[in-house]
Amino acid sequence: MIQGKDFVFVGLQSWDIAIGSNSKNLAREIAKYNRVLYVSKPLDRISLLRHYTDKKTKKRLAVLHGKQPRLEKIGDNLWNLYPKTILESANWLNNRPVYRIFNTINNRRLALQIRTAIRELGFRDVIVFNDNDFMSYHALKGYISPALSVYYLRDYLTSQDYFKKRAYLEAQQIRQADVVVTNSEYLQQYAACYNKNAYFIGQGCDIESFSEVNPTLPPDLEPLKDGSPVIGYAGYLSTSRLDIALIAYLAEQLPGFHFVLVGPEDAAFKASSLHGRRNIHFPGAKPPEEVPDYLYHFDVCINPQLVNLMTTGNYPRKMDEYLAMGKPVVATQTLAMEYFREYVYLCQTPEEYLSTIRTALAEDTPALQIKRKEFALGHTWTANVQRLYEVISQHKSVIFSERQL
């Protein structure tokens, strides 16, 4: 264990994000024995114009105008920083030298805000944990000289159009990090191409919250009262990650089954034909603490991913959530999903999905449920952070004494 140190978390996900967040869970766990400064995303020019009435935008405008503090204590040893600055929206620029100018400005602005907060909190010899943001923070190491820099690679972002043109920045970020940690073996192998100090540390899950559920049927699941089998998914409903055609096929082939898709939807998903099917239900986005109450009513959980560069090496944290409740799981076979093969049914075609869902229903037993739960229990955030501590300890600098490790 590492204790008594100062961590700075930066990355793509703000503290006020509406969905589950690896970096927030890691920050909370680390803050049990260390001080943590979590840096939320500031406003950028385009977001300010497009989402002026959004509550997150209003929060940041209040900070900019001095109506709310930049630093906010959100727990013992844990602070959140809303940087008092606006970033230039430059990613659309195709000219690399011009983009570099604007991105350098953004990096400097953020670094200044972080440096100021570090001084205010009295942090020393900080360990920077960068959650997958290779654009806004690629120069942070040079600006604040951390004792150790950790790059957390949990998504193959450069497979997406928005990030693809800046892939060279991620390569630079991985090279310059003291340590790279990943949540899948696929991403570890990718990172190792640029940095020999790349480690797979697995994934964490709020296991405890998935063992305490309210068995009462939520009001927005009233159609499920007829007792028909329920096939469910919980997570972000994104057309870049989920196979809409597969879901439609299953709903058509299994008209006597209910399909429940819990979570926020992107614009294309909202416009999809799935909304016109009587046996597909969309309860909408739910607070993390309510998700287990919905999973409780699923007979089979599914993860109908598209297979692409974004998903093939991605560790879906929902797998641990499903398994923590003992549910049978049917999922698309990818490289990352091989990790779960002993506990999850893996499929490659729609026809396999169809037959395997029936098999999963027929084979489910209390003994299998216990086996799934025991597997998920090894993936707590405490265990995940312990693996992170072990990696950091291997690369500790002179600032770490034996008493602190």
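Ground rules. I number residues from 1 along each chain as its sequence is written. In this predicted model I take local features only at pLDDT of at least 70 and side-chain atom pairs only at pLDDT 80 or more, while totals for chains, interfaces and linings use all residues, and side-chain values use heavy atoms, without hydrogens and water.

Cores. I looked up the nonpolar cores, meaning sets of buried Ala, Val, Leu, Ile, Met, Phe, Trp, Tyr and Cys residues joined through side-chain atoms within 4.5 Å, where buried is under 20% relative accessible area with a 1.4 Å probe, protein chains only. The largest has 55 residues, and Val330 and Val344 have the most contacts inside it; its largest share, six residues, comes from helix 9 (residues 244–253). A second, separate core of 25 residues includes Phe9, Leu26, Leu78 and Leu388.

Helix pair. I then found that the axes (lines fitted to C-alpha atoms over the stretch in contact, with angles from 0 to 180 degrees between N-to-C directions) of helix 1 (residues 22–30) and helix 15 (residues 381–394) come within 10 Å and cross at roughly 80°. The two helices are therefore roughly perpendicular, a label for 65 to 115 degrees.

Strand 4 runs antiparallel to strand 5 (residues 78–81), joined by four bridges, and Glu72 has Asn80 in strand 5 as its bridge partner.

Key. Buried < 20%, exposed > 50% of the residue type's maximum accessible area, 1.4 Å probe, protein only. Parallel < 35°, antiparallel > 145°, perpendicular 65-115°, else oblique. Pairing = 2+ DSSP bridges.
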